[in-house]
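Let's walk through a protein model together, one neighbourhood at a time. Have a look at the picture before reading on.

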Amino acid sequence: MRSGPPSRVAVLGVVVVAALALAHRDEIRSRAEAGLARGMPAREAALARGFVLGEDEEVDEATVEDFRRSGLAHLLAVSGQNVALLAILAMPLLAALGMPLKTRLVWVLGLIVVYVPLAGAGPSIVRAAVMGGVTVLATLAGRRSSRLYALAVAALVTLAIDPRIAADVGWQLSFAAVLGILALARPLRAAIGARLGRGRLRGALAEGAALSIAATLATAPLIAFHFEGISTTTLLANLLALPAVAPAMWLGMVVAAVAQVPGVPVAALNAIEAPLLAYIAQIAAWCGRPSWAYAHVRLGLGGLAASYATLTAIAAGAPVLLRRRRLARARAARAHIAPAGGVTPGSPISSVARPAGRLGRRSVVVGAVALAAVVALAWLPGRGGVEAAAPVPGLRVSVLDVGQGDSILLQPAHAAPVLVDGGPPGDGLAAKLRDAGVDGLGLAVVTHEQSDHAGGIEDLLGRFPVARLAYARLSRRLRGEARAAGADPVRVAAPGALRSGRLRLEVLWPPRAMLGEPIGRADPNSQAVVLLARWRGFSMLLTADAEAGEVPLDPGPVDVLKVAHHGSEDAGLGDLLDRIRPKLAVISVGAGNPFGHPMPRTLATLATHHVPTLRTDEDGTVVLDVGRRSVEVHTGD
């Protein structure tokens with residue numbers, strides 16, 4: 001019996017409830033946070049908030065690192081999986097209330113609309129929400145939904161909202177995962193199911209394993225391309241965590257919903273959820289802590305294309321192989337039991353291969369779309385920036401005159417601009433960026449959280465488009481401000497790298513092991529992010545405030561050195577200059593500063609090593625226009 005259309009009263013009720021929920025989402029979120037913390041250990045409570053609400057700020061650094069190295073970091077950021085699990089949870093609960101199918105679907109649509117902003121409205125969950133919405137609307141209209149069509153609509157909608165989102169790594173990974181599932185999940189499920197045998201539980205295991213493997217295979221090349229590293233245990237970790245993930249998510253969602261009613265006890269539900277979260281965290285530790293759990297892989301654009309071409313070939317070939325196996329089994333069965341007349345058309349044996357043929361054609365289409373789209377988009381490094389008009393078809397580096405502070409703008413041709421530090425607050429950084437032809441940043445880096453480096457970036461958040469905010473150490477407050485402003489916080493450590501087109505920023509310091517230790521009273525300068533900027537044959541060492549006497553650096557010869565800590569005394573500077581042999585040094589320093597920077601001894605060391613030196617207090621903004629075979633230097637505002 002077919003379900004009739006939902007009544008106007010039901011639709012109006014959903015609209016009103018959703019509108020009220022959105023208007024009070026901050027209060028709803030606060031009650032959900034409190035409910036998820038009630039009666040649970042601190043680590044598990046923080047994980048529950050990460051799983052359900054996308055809040056990973058309170059997850060301890062060691063656990064975050066375990067999840068990253070084990071390939072389970074996606075669980076700490078709400079994604080399409082959350083939307084799917086929400087719908088699966090809601091449908092039977094609404095059915096228990098006696099709602100017909102189409103009325104249930106309207107309520108599910110309303111829940112998705114409310115949940116997305118509650119969970120932070122990241123690229124992945126927005127994509128899943130649009131896909132889910134398209135599927136629900138198609139069902140309500142009595143039409144068969146197409147996941148590939150829904151994915152295309154999701155891409156168009158998210159791009160219409162923000163065209164620059166195509167360069168967001170999270171957006172790329174989200175769509176790559178879905179394309180991988182569409183192309184690979186069915187043959188993988190068939191192959192795994194054939195091994196496991198029949199049965200509801202075995203079928204569910206085969207389904208979950210196929211989805212995990214397909215998504216992992218589809219996203220691995222992109223992860224290696226963007227982050228130059230990949231977890232070697234990700235498949236194992238995801239398969240081991242699989243049985244606990246959905247129950248933990250469902251219990252967390254129920255707790256977040258029940259906690260909206262004052263006085264309702266949720267500790268009993270949390271007591272069930274806590275061991276599930278502890279189990280997942282233990283899997284992350286087992287699979288993330290070995291030294292071999294994370295491999296550093298440098299995958300260029302050619303390697304990325306080759307990886308997806310291989311996956312496309314697998315997606316196209318797997319159904320053919322499965323079809324041949326089924327045909328062979330069918331022939332064997334026919335030879336054993338069929339009469340001499342053979343098998344009649346339309347019988348189960350004769351039709352067994354038809355779905356595989358359709359699957360093969362669809363896999364080729366999906367694979368081709370993935371190969372073309374993902375490789376093209378992967379070249380875009382970070383949402384939020386537009387190409388600044390560079391005077392040469394290369395790289396422009398501007399050491400901005402921001403007074404007593406650091407702020408280095410890097411503008412690679414045909415890629416999003418990158419800002420390393422923002423100088424002190426109140427120096428009009430946004431105006432300086434616009435004067436440089438920049439109206440948005442693909443990436444901003446806070447080398448360390450001191451006002452003469454982080455203050456200007458803090459001024460930008462919410463007032464100037466910033467796609468990603470990279471850091472090694474950063475307060476929860478500033479990370480929260482970044483998220484609220486639409487910037488994705490990205491933690492970095494050595495060895496690691498960031499990209500923007502052909503521009504590559506190698507992270508030389510601090511080492512990852514240092515990030516797991518409490519900050520204590522350590523000098524933040526010695527824990528500052530040190531980057532080596534590379535573009536074709538050009539290189540520039542960006543030392544922030546990390547003096548060579550405190551931080552061991554040996555990147556090899558470089559073209560330009562940004563002198564550490566505004567030219568303060570540095571006992572290790574002479575040895576560093578011997579190792580890197582720069583052709584130019586730049587000191588970012590304020591005129592008449594009370595610290596006496598740059599120190600005479602530092603200037604003398606540079607002169608002794610015959611390194612030409614420019615300084616922003618005397619020369620103003622220093623601009624380097626880097627071409628294929630030359631570097632032109634300009635000074636002055």
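How many bridges join E14 to strand E15? There are 3, and the two strands run parallel.

## Ground rules

This is a predicted model, where local features need pLDDT of at least 70, side-chain atom pairs count only at pLDDT 80 or more, and totals for chains, interfaces and linings use all residues. Residues are numbered from 1 along each chain as its sequence is written, and side-chain values use heavy atoms, with hydrogens and water left out.

Helices (H or I, at least four residues) and strands (E, at least two) are DSSP runs numbered from the N terminus. Two strands pair if DSSP finds at least two bridges between them.

## Strand E14 and its neighbours

Strand E15 covers residues 613-615, and its Arg615 is the bridge partner of Ile587. To get from E14 to E15, the chain passes through helix H20 (residues 600-608) in a right-handed β-α-β crossover. Right-handed means that, with the strands pointing away from the viewer, the path from the first strand over the helix to the second runs clockwise.

E14 also pairs with strand E13 (residues 560-562), in the parallel sense over 3 bridges. Here Val586 of E14 partners Lys562.

## Two covered faces

In a regular strand, side chains alternate between the two faces of the sheet. On E14 (residues 584-587), Leu584 and Val586 sit on one side and Ala585 and Ile587 on the other, all of them buried (under 20% relative accessible area, with a 1.4 Å probe and protein chains only; exposed is over 50%, partly exposed in between).
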